[in-house]
Amino acid sequence: MRYVSAVPAGIHPWRARAHAVLAIVGLVYLVGVWLEGAGSTLPGKVLPRTPLYFLQIAALFPHAATASIDYRAEGWVCREHKWREITTRPYFPLDPDDKENRFQRVMHFFRDNRPTMHALDEYLVSHHNAGGHDDGIPADDKIGGIRVLSLRLPLPNPGDALERVHRKPLAEYPDSVRKNWYHSTRALRAERCGSAERDVHDEGAE
Amino acid sequence: MNPFLRLWDWLHEPVPVLRLALIRIAAPLAILGFMAGRLAHADEWIGDQGFRVPDLGGDWRQPLYVPALPAWGAWAIASIMVASGLACALGVKTRWSGLTFAATLAFVAVADRLAAFTVSKMSPAVVIALAVGPAGSRLSWDAWWRRAHGSKLPRKLRPAVSLRFLQLLPVFIYSSSGIAKERGDWLKVPLVLWTQLHDSYQTSLSFFLAEHIPGWAWTLMQGLVLMFEMGAPLWFGWSRTRHLAFLFGVGMHLMIGLMFGPVLWFALLMMAVLIGGYAPLSWLAPIDALADRVERRKRGTVPATTEVTS
């Protein structure tokens, strides 16, 4: 066959065929990457999700950002019956200072997915209540639930006075930039706090 | 001549193995740099000590559900990844170390969607290409070992489909990214680049440039990037523009790496592929001479093939 003559002389025919198969697989991969990035629906129709996922490497930053988005969490402090900011960094230590942090990514991908938010709720509450981490709420203050939200911070225009991006406490942001995505139910918080449901007031979160 | 056969001949024509060897050295190091922060917390990353997204039973955001590993399993995968990645970079049992490295990379890419980014998804393909090609035949432990055991000098020119794959990869990525940008906001919003400078990726340099570069210059850069990406097949395919495209690509990734914090590793990986794939051979001559000296040290034989000329 033609391709066999294109590989070095003396190479075993089976090896030549393996070369040919690899070349075809490589070309199919490249075409798949191209189609996926260019917005074709074809790869999604013909490929299972896992190989499709490995093709999703192009199409970076196609849209303008409309705001700088930061995700935050609050814990329901049983003793105070109040929401207070809980720092998620001790429980999500990878890339703690940027949006590649796993908590930021959970919220980015799954903020409207209830099973994932329930799992996040259980994870943060159990880890805080187990103690041993400095998360902004004293370890001996049990929490009964979480509330997670995004801050949508407006972007400056060229020529505006700029400020380096840095993390400020949640309390310093106005309500207008907050959007709540999930909170533990009143019943769940009451159960975890060991108090009657009617005692749980949550400042209008529900 | 049939275009398919021309493509086939181009894929199989002899190319400088040194190009592939350079990518073999640099790409695994860039990938390990990207993984370093994750590896340091392996039990939280892919193990049962951290948060896990539950099995969502086919949700599009979860390409494959992989249960959390026990902590010892997570540390074992991390150790194998580091060992095989370094071995691949050094050219130790390159085929097997590369395939092992690629397998661990593919596993962690699906095991934790949350910490997976472009590097996670493209690195298995890059490393497989290195493993199946002659990437370990120069500037490597394998080459040294073979010479020490009486083999001839390694060939400088060999057919290497894997190098062709790695040369085409950035071109395909740029081209489809350019189309995605054109379909997105890049022709509609003049300050797309500017809008990306104000989140947690911000570095001292990006802040400095945001403060000092006027708005029109961001629009100009946006236009240049779009033109480069959409025209990548032409810029890299035409010999007269290839070197300029190479320099533009390396410069673009250098700036991305310096201006967008953790994107540095992606930038380094792309630069490794571009430099190995497209750097003018005259620039690689000193490395070629170094490799020559190392390879000739064992025995004073003549090279097995001609000098690198193309």
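Colleague: How many residues does the contact take from chain B and from chain A?
Modeller: In this predicted model, chain B puts in 62 residues and chain A puts in 58 residues.

Colleague: Which element gives the largest share of the side of chain B that touches chain A?
Modeller: That's α8(B), with 13 residues. Helices that each supply at least two residues to that side include α1 (3-12), α6 (118-132), α8 (161-183) and α11 (215-230) of chain B.

Colleague: And by class, what is that side of chain B made of?
Modeller: You get 37 nonpolar, 15 polar and 10 charged residues on the side of chain B that touches chain A.

Colleague: OK, switching to the inside. Which residues touch the most other members in the largest nonpolar core?
Modeller: Leu130(B), Leu269(B) and Val273(B) do, in a core of 121 residues. Helix α2 (residues 17-39) of chain B brings the largest share of this core, 14 residues.

Colleague: What does Leu130(B) touch, then?
Modeller: Leaving out residues up to four places away in sequence, Leu130(B) touches Leu20(B), Ile23(B), Arg24(B), Ala27(B), Cys88(B), Gly98(B), Ala135(B) and Ser162(B). There's also another core lying apart from the largest one, with seven residues, among them Leu193(B) and Trp194(B).

Colleague: Now chain A. How many helices and strands does it have?
Modeller: Chain A has seven helices and four strands. Reading from the N terminus, the order is α-α-α-α-β-β-α-α-β-β-α.

Colleague: In what order do the four strands sit in the sheet?
Modeller: The order is β2-β1-β3-β4 in chain A, with antiparallel pairing, and the sheet is open.

Colleague: Why is one side of β2 and of β4 left without a neighbour in the sheet?
Modeller: β2 (82-86) and β4 (178-183) of chain A are the edge strands, each with a single partner strand, so one side of each has no neighbour in the sheet. On average, neighbouring strands here are turned by 35 degrees against each other, direction ignored.

Colleague: Last one: what share of chain A is buried?
Modeller: Buried residues are 33% of the 206 residues in chain A.

Note on methods:
Residues are numbered from 1 along each chain as its sequence is written. Chains are lettered from A and ligands numbered from 1 in the order in which they are written. This is a predicted model: local features need pLDDT of at least 70, side-chain atom pairs count only at pLDDT 80 or more; totals for chains, interfaces and linings use all residues. A residue is buried if 20 or more other C-beta atoms lie within 10 Å of its own, exposed if 12 or fewer, and partly exposed in between; C-beta atoms are placed from the backbone. Two strands pair if DSSP finds at least two bridges between them. Axes are lines fitted to C-alpha atoms, for helices over the stretch in contact, and angles run from 0 to 180 degrees between N-to-C directions. A nonpolar core is a set of buried Ala, Val, Leu, Ile, Met, Phe, Trp, Tyr and Cys residues joined through C-beta atoms within 7 Å. Two residues are in contact if their C-beta atoms, placed from the backbone, lie within 7 Å. Ala, Val, Leu, Ile, Met, Phe, Trp, Tyr, Cys and Pro count as nonpolar, Asp, Glu, Lys and Arg as charged, and the others, Gly among them, as polar.
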